[in-house]
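User: Hi! Could you walk me through the aromatic rings and the helix packing here?
Analyst: Happy to, here it is.

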Amino acid sequence: CIDDSFNFVYFPGVSYCPKHCGADKIKNHIMNFKIRTKILLVFFLVPIIIVIVGGFSYIELKKISKPFNKDIPQAIEQIKISSNLDSLAQFIRYYDEVLTQSARNYTFTGDKKWKDRYRDADPKLIKVITEAIRRGDVEDKKFFKSIDTANNALVELENKSMASVDKGDKKTAIDILESKEYAELKLKYKV
């Protein structure tokens, strides 16, 4: 027999429980299951428990992975953009150096190959600066626009210097490239 706390209680000399009819029979029935039946019962219960635990784990994993599925791709995209802008900044430095050295070399030597090199690199620099402005965020656009402004002023001075060389006025050409205005623009141009 089973008492109110579901413990088996035995009444001496009584083969059934008057309070809970059949409880003794249920206990005996369970105890008399064959081993095969007990194994089958375990094989049915264990998968059910595994499915329940697995389902709960899957739901929790989905909750945990939501930020990763969203944040990581965004971070990767931001790294790509930043890397691309860094690459463009490197090209800006390179082309600026090409223009500066070409203008200086033309001013000091008068050799046309330096002027040709300058004319070849100038549109490439403009293209790279324009691309950097296009791809950047608000802060990047502001920065690269300031570079563009400084570049335009530098190109104007460098063209004046080369025009002075073409007129045979090498002193004016050198004075332009060594002027305070030119030096200040080069400082603004730091990428």
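Analyst: One definition before the rings: those of Phe, Tyr and Trp (its six-membered ring) pair if their centres lie within 6.5 Å. Bear in mind that this is a predicted model.
User: Great. How many aromatic pairs does a search of the whole structure find?
Analyst: The search turns up three aromatic pairs. In one of them, Y94 and Y95 sit edge-to-face, 5.1 Å centre to centre with 65° between the planes.
User: Are Y94 and Y95 buried or partly exposed?
Analyst: Y94 is partly exposed, at 47% relative accessibility, whereas Y95 is buried at 15%.
User: And F143 with F144, what geometry do they have?
Analyst: Their ring centres are 5.2 Å apart and the planes are at 70°, so that pair is edge-to-face. F143 is partly exposed at 34%, while F144 is buried, with a relative accessible area of 4%.
User: Which residues form an aromatic cluster?
Analyst: F91, Y94 and Y95 make up one.
User: Switching to helices: how do α4 and α6 cross?
Analyst: The axes of α4 (residues 138-166) and α6 (residues 180-188) come within 9 Å, crossing at roughly 150°. Angles over 145 degrees count as roughly antiparallel, so α4 is roughly antiparallel to α6. The crossing is left-handed.
User: Nice. Which residues meet there?
Analyst: From α4, I147, A150, A153, L154, L157 and E158 meet E181, Y182, L185, K186 and K188 of α6. Those contact residues divide into seven nonpolar, four charged and no polar.
User: Last one: where does Q90 lie?
Analyst: Q90 is in helix α2 (residues 35-109), and Q90 is partly exposed at 41% relative accessible area.

Conventions. Residues are numbered from 1 along each chain as its sequence is written. This is a predicted model: local features need pLDDT of at least 70, side-chain atom pairs count only at pLDDT 80 or more; totals for chains, interfaces and linings use all residues. Side-chain values use heavy atoms; hydrogens and water are left out. Axes are lines fitted to C-alpha atoms, for helices over the stretch in contact, and angles run from 0 to 180 degrees between N-to-C directions. Helices (H or I, at least four residues) and strands (E, at least two) are DSSP runs, numbered from the N terminus. Angles under 35 degrees count as roughly parallel, over 145 as roughly antiparallel, 65 to 115 as roughly perpendicular and the rest as oblique. A crossing is left-handed if the near helix is turned anticlockwise from the far one by less than a right angle, and right-handed if clockwise. Contact means heavy atoms within 4.5 Å. Ala, Val, Leu, Ile, Met, Phe, Trp, Tyr, Cys and Pro count as nonpolar, Asp, Glu, Lys and Arg as charged, and the others, Gly among them, as polar. Buried means under 20% relative accessible area, exposed over 50%, partly exposed in between (1.4 Å probe, protein chains only). Rings of Phe, Tyr and Trp (its six-membered ring) pair if their centres lie within 6.5 Å; planes under 30 degrees apart count as stacked, over 60 as edge-to-face and the rest as tilted.
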